[in-house]
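Welcome to a short tour of a protein model. Please have a look at the sequence and the structure, and then read on for the details.

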Amino acid sequence: MNSSSTALVLFRHDLRIADNRALAAAAAGGRPVVPVFVLDRISPGTRPLGGARHWWLHHSLAALSGDLSRLGSPLVLRSGQMQAVVETLVAETGADAVFWNRRYDPAGRAVDAKMKATLRGRGLAVQSFEGQLAHEPSLLKTKGGGPFRVFTPFWKAFSAGIEPRDPVDIPARLVQPPSPVATERLEDWALLPTKPNWAEGFAARWTPGEAGAQRALQDFVEGRLAGYAANRDVPDGKTTSRLSPHLAHGEITPFQLLSALRHGRIAGSRADHEKFRQEVGWREFSWHLLFHNPDLGSENFNKSFDVFPLTADGRGFEAWRRGLTGYPIVDAGMRELWRTGWMHNRVRMVAASFLVKHLLIDWRQGETWFWDTLVDADLASNAASWQWVAGSGADAAPYFRIFNPVLQGEKFDPDGAYVRRHVPELTNIPTRFIHRPWEAPRDVLFRAGVKLGETYPVPVVDHERARRRALAAYETVRGQHDDRSV
Ligand SMILES: Cc1cc2nc3c(=O)[nH]c(=O)nc-3n(C[C@H](O)[C@H](O)[C@H](O)COP(=O)(O)OP(=O)(O)OC[C@H]3O[C@@H](n4cnc5c(N)ncnc54)[C@H](O)[C@@H]3O)c2cc1C
């Protein structure tokens, strides 16, 4: 490598300048650096980002662009197929080195492996680094030498391994190449919704970009981390870190999170810290599963679920999507998702379970809706979580454990604050009926201004009947198990 020749640094799931090993390595020798983001909607198998992530991506790229310009070398935006764009840029800039942080999704891995081989074949220096995950999915193995399928042993092996490294520093400065490199304009990519602008509520809740991510981390570890283990299941108010969209866009790394727990000025007990570490561990585990099971987002992990008798309940799906199922906790969650691009984890579980068990709708339909609407939509965590809820996943919730949306609401939102916040038509319902408005006497509904079936729906399915139907449907899967075990 020549210290005066240019290096390209590819930004993908890593929209940050701190703890960015590819950027740090490229900048280390003082050579010119061209930071690049490629909007690749062409490479085979690439799943286009959903609408909510496009909104985030726009703002995150704007923030990254500002940070890189301040460091000395502005971000170059190009659209097209990743490898073709990189080859064009190599030719334009005379770069003799390309650096990136590794991706772990099946399509991204395939593109990067081919690109690495081609560029190296042409004599370029190509280096890739870790950063998206705190473990390398190909290296962490069971005692038998295979991949993990169950969280607890995965977590034990992860925790028993070497301590995740400390974050690396932001480069002091970046040297610009001798001639400027042409860039496309972010505005021309039209990532933001316009008509209608369904993301209006997002800006009040989120600050995309690395500075927003760092603030969210500080806020959390100095405050809400205290009590996290006890409060994290409460959906109303800020009880969790809300770092997931920042992690999904790589504005912050798991190394930074784990290091903050080790070294920071932090609140909370050991139990709080361990619980938080473990949740970060579920993200690692999800990626481990996807790495070793590339079809996780499209195929049942447990094949015996392939015979599950699904329904094509179009009306039910529409009611679920729009937050009009008649079950307040489900509707509150689905509306929080639409308004803010995020939903609390407990409510994700209840809402997802309602779709697959009460309505017998394919988990893939729910996964696709979440993919489009979540600002934290993540190929691995979304697929693994949907399969966990559906019972078809690795280490999944047993299918016969069917969430009762009324009891879940009463347990985790006992005063109905979450429901009232997101389902305003129920605001005046007394707390004892907030999760079961259909049981409220007529005069109570009248005084609360609620007309069931008009201002708020009657339940799309009766819980008890739906539960029995789901268990009967599950018998077909159990039959499969039995067949296989003989
Ligand atoms: C049906 C369903 C779909 C989901 N889809 C996604 C998704 O697309 N993207 C996503 O990031 N998470 C997904 N999750 C997991 C979880 O709901 C979110 O990670 C969490 O709500 C994010 O909020 P937080 O950052 O405040 O979490 P915190 O409680 O503060 O947790 C810290 C971090 O740990 C990770 N984490 C926490 N819980 C989980 C979990 N169960 N699985 C994997 N990682 C976890 C996240 O990265 C999170 O940011 C899904 C869960 C369900 C039930």
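## Confidence of the model

The mean pLDDT of the protein is 95, and 98% of its residues reach 70 or more; pLDDT is the predictor's confidence in each residue, on a scale from 0 to 100. Residues 482–486 stay under 50, and the model gives them 2 contacts beyond four places in sequence, a contact being heavy atoms within 4.5 Å.

This is a predicted model, in which local features need pLDDT of at least 70, side-chain atom pairs count only at pLDDT 80 or more, and totals for chains, interfaces and linings use all residues. Residues are numbered from 1 along each chain as its sequence is written, and side-chain values use heavy atoms, with hydrogens and water left out.

## Overall build

The protein has 20 helices and 5 strands; these are DSSP runs numbered from the N terminus, with helices being H or I of at least four residues and strands E of at least two. With a radius of gyration of 24 Å, close to the 23 Å that the globule rule gives for 486 residues, the protein is as compact as a globular protein of that length. Here the radius is taken over C-alpha atoms, and the rule is 2.2 Å times the number of residues to the power 0.38. Along the principal axes, the C-alpha atoms fill a box of roughly 80 × 60 × 45 Å.

Among contacts between residues at least 6 apart in sequence, 80% join residues at least 24 apart.

## Surface and charge

Of the 486 residues, 54% count as buried. Buried means under 20% relative accessible area, exposed means over 50%, and partly exposed is in between, using a 1.4 Å probe and protein chains only. The protein exposes about 20900 Å², and carbon and sulfur atoms supply 53% of that area; accessible areas come from the Shrake-Rupley method with a 1.4 Å probe, and for residues only the protein chains shown count as cover.

The mean positions of the 61 positive and 53 negative charges are 1 Å apart. Lys and Arg count as positive and Asp and Glu as negative, while His and the chain ends are not counted. Each charge is placed at NZ of Lys, CZ of Arg, CG of Asp or CD of Glu.

Let us start with Arg-277, which sits in helix α11 (residues 270–292). Arg-277 has a relative accessible area of 17%, so it counts as buried. Beyond four places in sequence, Arg-277 touches Trp-155, Phe-158, Ser-159, Glu-163, Leu-258 and Leu-261.

Trp-371 belongs to helix α15 (residues 363–373) and is buried at 8% relative accessibility. Leaving aside neighbours within four places in sequence, the contacts of Trp-371 include Arg-47, Pro-48, Leu-49, Gly-50 and Asn-382. Trp-371 and Ala-52 are 319 residues apart in sequence, yet their C-alpha atoms are 8.4 Å apart in space.

## Backbone details

Most residues other than glycine have a negative phi, and most peptide bonds are trans. Which residues does a cis peptide bond join? They are Lys-195 and Pro-196, with omega about -5°. Pro-196 lies in the loop between α5 (151–160) and α6 (202–205).

Ala-190 is also placed in the loop between α5 and α6. Although not a glycine, Ala-190 has a positive phi of about 50°, and at 60% relative accessibility Ala-190 is exposed. Arg-242, in the loop between α8 (228–231) and α9 (244–248), has a positive phi of about 55°. At 11% relative accessibility, Arg-242 counts as buried.
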